[in-house]
Amino acid sequence: ELPRPSMPCRPQTNVMFLKTHKTASSTILNIMFRFAEKHSLTVALPAGENVHLGYPNAFLANFVEGFRTMGRNYNIMCNHLRFNPSEVRKVMAANTFYFSILRNPIPLLESSYVYYKNYAPAFRISKNVNEYLASPMKYYHPGSYRDNIYARNIMWFDFGYDNNAEDNTRYIQSVLKEIEQNFHLILIAEYFDESMILLKHTLCWDLDDVIYFKLNSRSQHTVQTLTLESKERIKTWCSLDWKLYLHFNQSFWRRIEETIGLKELEKEVNLLRTRQKELMETCLSDQEAVEKKHIKNKALLPFQSGVADILGYNLKRDLDNRTLRTCQKMVMPELQYMSYLYAVQYPHKKRKQAGLPSVWSSFLEK
């Protein structure tokens with residue numbers, strides 16, 4: 001028999017993305033912000049001078065700008081927060097789609113180490129990532145947990161759970177089940193393009209909605225090489241994250257086979273990459289991300305942290321206005337984009353400076 005034509009679906013415009021740390025989530029944030037602009041949607045932005053939605057405190061509805069007057073009239077929520085379902089539901093509509101992204105805890109911990117080196121006490125007092133992992137308890141004190149969350153089970157923490165909890169099978173099972181009840185989809189950073197295709201299908205978005213330039217990545221020279229012992233140790237030191245990742249990596253592939261199929265997936269991933277390449281050729285003068293010292297327009301300089309050298313982009317000169325706008329948005333770092341949206345959404349409120357270069361403010365006026 002002939003296959004039934006699939007029902008045309010309508011793009012889902014109420015979406016909550018739980019932005020986890022060091023998981024390619026800044027790239028997704030940029031996708032969400034551009035989608036919000038394209039459809040004139042409201043974004044749940046951090047109140048006042050804040051750049052996060054109360055992180056690392058458990059999220060509360062009043063961390064969102066204008067919540068008291070806006071109620072549940074936000075379409076998109078995607079800034080860093082520590083998940084707290086009952087409070088998030090006060091902000092988001094009943095039919096909101098919830099998703100997040102996970103990354104293999106082994107590269108994740110190394111990335112956290114470099115990025116939060118000067119911030120997390122456990123990282124600060126150890127010489128390098130391998131020394132830290134050789135005896136983490138020497139450096140890690142659960143008591144100073146607020147500063148040390150990046151040093152152990154950070155994803156578990158972002159989802160709202162205790163990152164120092166005991167690894168107990170029943171407990172882990174109950175948390176995984178709860179996450180499955182709260183989230184419609186969990187993506188996997190290692191398969192970012194595949195994740196974007198799955199997201200596009202699930203939300204009924206267009207290919208152009210999930211095209212991206214990789215944001216907030218760092219220069220190779222700041223990557224520390226993990227020894228084989230260190231890699232194994234991460235699996236036990238961050239065993240909650242490890243089990244979280246294994247579980248959702250499996251369900252991710254199951255979901256793809258049930259909804260898209262591997263053949264169609266490959267076809268669409270290739271389309272995505274082709275389109276991405278075209279856009280890079282249109283927008284970028286260097287065809288790739290460059291180190292911070294080579295970023296010419298300081299307004300597009302990403303926030304720099306720890307000993308990581310966070311890469312950014314140079315746009316071509318002489319782009320026509322419309323192309324320039326598109327390209328600017330594609331490469332706009334997180335803090336800049338957020339303060340821009342904040343200025344658009346709350347024109348009468350004081351601008352968010354958020355430690356941005358002064359050129360940025362003049363960029364906003366244009």
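How many disulfides does a search of the whole structure find? The search finds two. A disulfide here is a pair of cysteine sulfur atoms within 2.5 Å. In general, a disulfide is a covalent bond between the sulfur atoms of two cysteines.

The views below show a predicted model, where local features need pLDDT of at least 70, side-chain atom pairs count only at pLDDT 80 or more, and totals for chains, interfaces and linings use all residues. Residues are numbered from 1 along each chain as its sequence is written, and side-chain values use heavy atoms, with hydrogens and water left out.

**View 1. Cysteine 9 is joined to cysteine 204 by a disulfide.**
The two sulfur atoms lie 2.0 Å apart. The torsion about the S-S bond is about 95°, so this disulfide is right-handed. Cysteine 9 sits in the segment before E1, and cysteine 204 in the loop between helix H11 (192–203) and helix H12 (228–237), so the pair ties together parts 195 residues apart in sequence. Helices (H or I, at least four residues) and strands (E, at least two) are DSSP runs, numbered from the N terminus. Cysteine 9 is partly exposed, at 47% relative accessible area. Cysteine 204 counts as buried, at 16%. Buried means under 20% relative accessible area, exposed over 50%, and partly exposed in between (1.4 Å probe, protein chains only).

**View 2. Cysteine 283 and cysteine 327 form a disulfide.**
Their S to S distance is 2.0 Å. The angle about the S-S bond is -75°, and this link is left-handed. Cysteine 283 belongs to helix H14 and cysteine 327 to helix H15; the pair links distant parts of the chain, 44 residues apart. Cysteine 283 is buried, with a relative accessible area of 0%. Cysteine 327 is buried too, at 1%. Counting bonded cysteines along the chain, the disulfides follow the pattern 1-2, 3-4.

**View 3. Cysteine 78 is in no disulfide.**
The nearest cysteine sulfur belongs to cysteine 204 and is 20 Å away. Cysteine 78 counts as buried, at 0% relative accessibility. Cysteine 238 also counts as buried, at 3%.

**View 4. Strand E1 (residues 15–18) is covered on both faces.**
Val15 and Phe17 are buried on one side. Met16 and Leu18 are buried on the other. E1 runs parallel to strand E2 (residues 76–77), and two bridges join them. Two strands pair if DSSP finds at least two bridges between them. Methionine 16 has methionine 77 of E2 as its bridge partner. E1 also runs parallel to strand E3 (residues 97–102), here with four bridges. Leucine 18 stands opposite serine 100 in E3.

**View 5. Helix H1 is largely enclosed by the rest of the structure, because twelve of its 14 residues are buried.**
Among the buried residues are Ser25, Ile28, Phe33 and Arg34. From first C-alpha to last, H1 reaches 20 Å, close to the 20 Å expected at 1.5 Å a residue. The expected span is 1.5 Å times one less than the number of residues. Just after H1, serine 40 takes a positive phi of about 50°.

**View 6. The largest pocket holds about 1,200 Å³ of space.**
A pocket is found on a 1 Å grid over the protein atoms alone, as an open set of points where a 1.4 Å probe fits, with protein on both sides within 12 Å along at least five of seven lines; lining residues have an atom within 4 Å of a point. Grid points are joined across faces, edges and corners, and the volume is the space filled by probe spheres set on them. The lining has 50 residues, and Lys22, Ser26, Tyr115, Asn216 and Ile310 lie nearest the centre. Helix H1 (25–38), helix H4 (105–115) and helix H16 (334–345) each supply at least two lining residues. H4 gives the most, with four. By class, the lining has 26 nonpolar, 16 polar and eight charged residues. Ala, Val, Leu, Ile, Met, Phe, Trp, Tyr, Cys and Pro count as nonpolar, Asp, Glu, Lys and Arg as charged, and the others, Gly among them, as polar.

**View 7. The second largest pocket holds about 380 Å³ of space.**
It is lined by 16 residues, with Arg34, Lys38, Asp208, Thr326 and Met330 closest to its centre. H1, helix H14 (262–283) and helix H15 (321–331) each supply at least two residues of this lining. The lining divides into six nonpolar, two polar and eight charged residues.
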